[in-house]
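Welcome! Please have a look at the sequence and the model shown here, and then we can walk through some of the contacts together.

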Amino acid sequence: MEISKEENILFAAEKLFAKNGFGSTSTREICKAANVNISMISYYFGSKEKLYERIFEYRMNESVSFGKDIISKSNLNEWEKFELLIDQFCNRVIRLRAFYTIMQREQLSNKTAFIINFLKTTKINFLEFYAQLIKSGYDNGVFTKLPKVEYIHSTIAGTLFAGVNATPMYKEFAGAQNDANFEAVYYEGLREHLKNVLKYLLGYNEK
């Protein structure tokens, strides 16, 4: 899929911010990686700070969009929507490791008020998605339990982020440094593990 010049700069900056941090990444480096004139950052974003904020807006709006799309699928029951959400969320965390590295770093530093507030708003959107699915699934007899939404969110996000971040260590622990298929098998197992945990928490029994 063809990307715009603005997206090209965003994606180049995202990788550099993840690798070097915000303070250690210059606009000149970003423009060199994106193969654009240095004036393009001012033209599209106004400043490096605004470019940084725009990365969060872009990626988190994508997240909310795919969540809304899953919720709206009338041909799936509530458990099938949970499965699809887990699959897509896991794929997204794997594919966008650079962004999620920046996101977790930003949450720990808690320095940029705009970004922290934006992340909070996005998380609340996902809490609402989960709450809607849980209640609807319980009312429709798909689930037999009503777990706290906060625990479901923590289980999904915590399992995926911890699992993906620790992949190199697990690969070393398994002595699989030279196994080209390790990650594919590992991530499939991670998805299945998370689904099994959620089945128990939601009281879902396959018929």
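## A salt bridge on the outside

Both Lys135 and Asp139 are exposed, where exposed means over 50% relative accessible area, buried means under 20% and partly exposed is anything in between (1.4 Å probe, protein chains only). Their side chains meet in a salt bridge, with N and O 2.8 Å apart. A salt bridge here is a side-chain nitrogen of Lys or Arg within 4 Å of a carboxyl oxygen of Asp or Glu. Lys135 and Asp139 are four residues apart in helix H7, so about one helical turn separates them. Helices are DSSP runs (H or I, at least four residues), numbered from the N terminus. An α-helix has 3.6 residues a turn, so residues three or four places apart point the same way.

## Before we go on

This is a predicted model, in which local features need pLDDT of at least 70 and side-chain atom pairs count only at pLDDT 80 or more, while totals for chains, interfaces and linings use all residues. Residues are numbered from 1 along each chain as its sequence is written, and side-chain values use heavy atoms, leaving out hydrogens and water.

How many salt bridges does the structure hold? There are twelve. One of them joins Arg59 and Glu14, whose closest N and O atoms are 2.8 Å apart. This pair links distant parts of the chain, 45 residues apart: Arg59 is in helix H4 (residues 48-71) and Glu14 in helix H1 (residues 5-20). Are these two buried or exposed? Both Arg59 and Glu14 are buried.

Another salt bridge connects Glu192 with Lys195, the closest N and O atoms being 3.6 Å apart. Glu192 and Lys195 are three residues apart in helix H10, so about one helical turn lies between them. Glu192 is partly exposed, with a relative accessible area of 34%, whereas Lys195 is buried at 7%. Salt bridges with shared partners join Asp87, Glu188, Arg191, Glu192 and Lys195 into one network.

## Rings that pair up

The structure holds 24 aromatic pairs. To pair, rings of Phe, Tyr and Trp (its six-membered ring) need centres within 6.5 Å; planes under 30 degrees apart count as stacked, over 60 as edge-to-face and the rest as tilted. Phe114 and Phe118 have ring centres 6.0 Å apart and planes at 20 degrees, so this pair is stacked. Both lie in helix H7 (residues 113-139), four residues apart, about one turn of the helix. Phe114 counts as partly exposed, at 34% relative accessibility.

Tyr170 and Tyr186 form a tilted pair, 5.7 Å centre to centre, with 55 degrees between the planes. Tyr170 belongs to helix H9 (residues 167-173) and Tyr186 to helix H10 (residues 182-202), so the pair ties together parts that are 16 residues apart in sequence. Tyr170 is partly exposed at 34% relative accessibility, while Tyr186 is buried at 17%.

## Charges over rings

Which ring does the charged end of Lys48 sit over? The ring is that of Phe22, with its centre 4.3 Å away. Lys145 lies over the face of Tyr200, 3.8 Å from the ring centre. A charge sits over a ring if NZ of Lys or CZ of Arg is within 6 Å of the ring centre and within 35 degrees of the ring normal.

## The nonpolar core

The largest nonpolar core has 60 residues, and Phe82, Ile156 and Leu198 have the most contacts inside it. Such a core is a set of buried Ala, Val, Leu, Ile, Met, Phe, Trp, Tyr and Cys residues joined through side-chain atoms within 4.5 Å. Among the helices that each supply at least two residues of this core are H1, H4, H7 and H10. H4 gives the most, with ten residues.

Leaving aside neighbours within four places in sequence, Phe82 is in contact (heavy atoms within 4.5 Å) with residues including Tyr130, Ile156 and Leu198.

## A look at helix H10

The buried residues of H10 include Tyr186, Arg191, Lys195 and Leu198. The buried residues of this helix pack against H5, H6, H7, H8 and H9. Just after H10, Gly203 takes a positive phi of about 70 degrees.

Arg191 also brings us to Cys90: leaving aside neighbours within four places in sequence, Cys90 is in contact with Leu160 and Arg191. Cys90 is found in helix H5 and is buried, with a relative accessible area of 0%.
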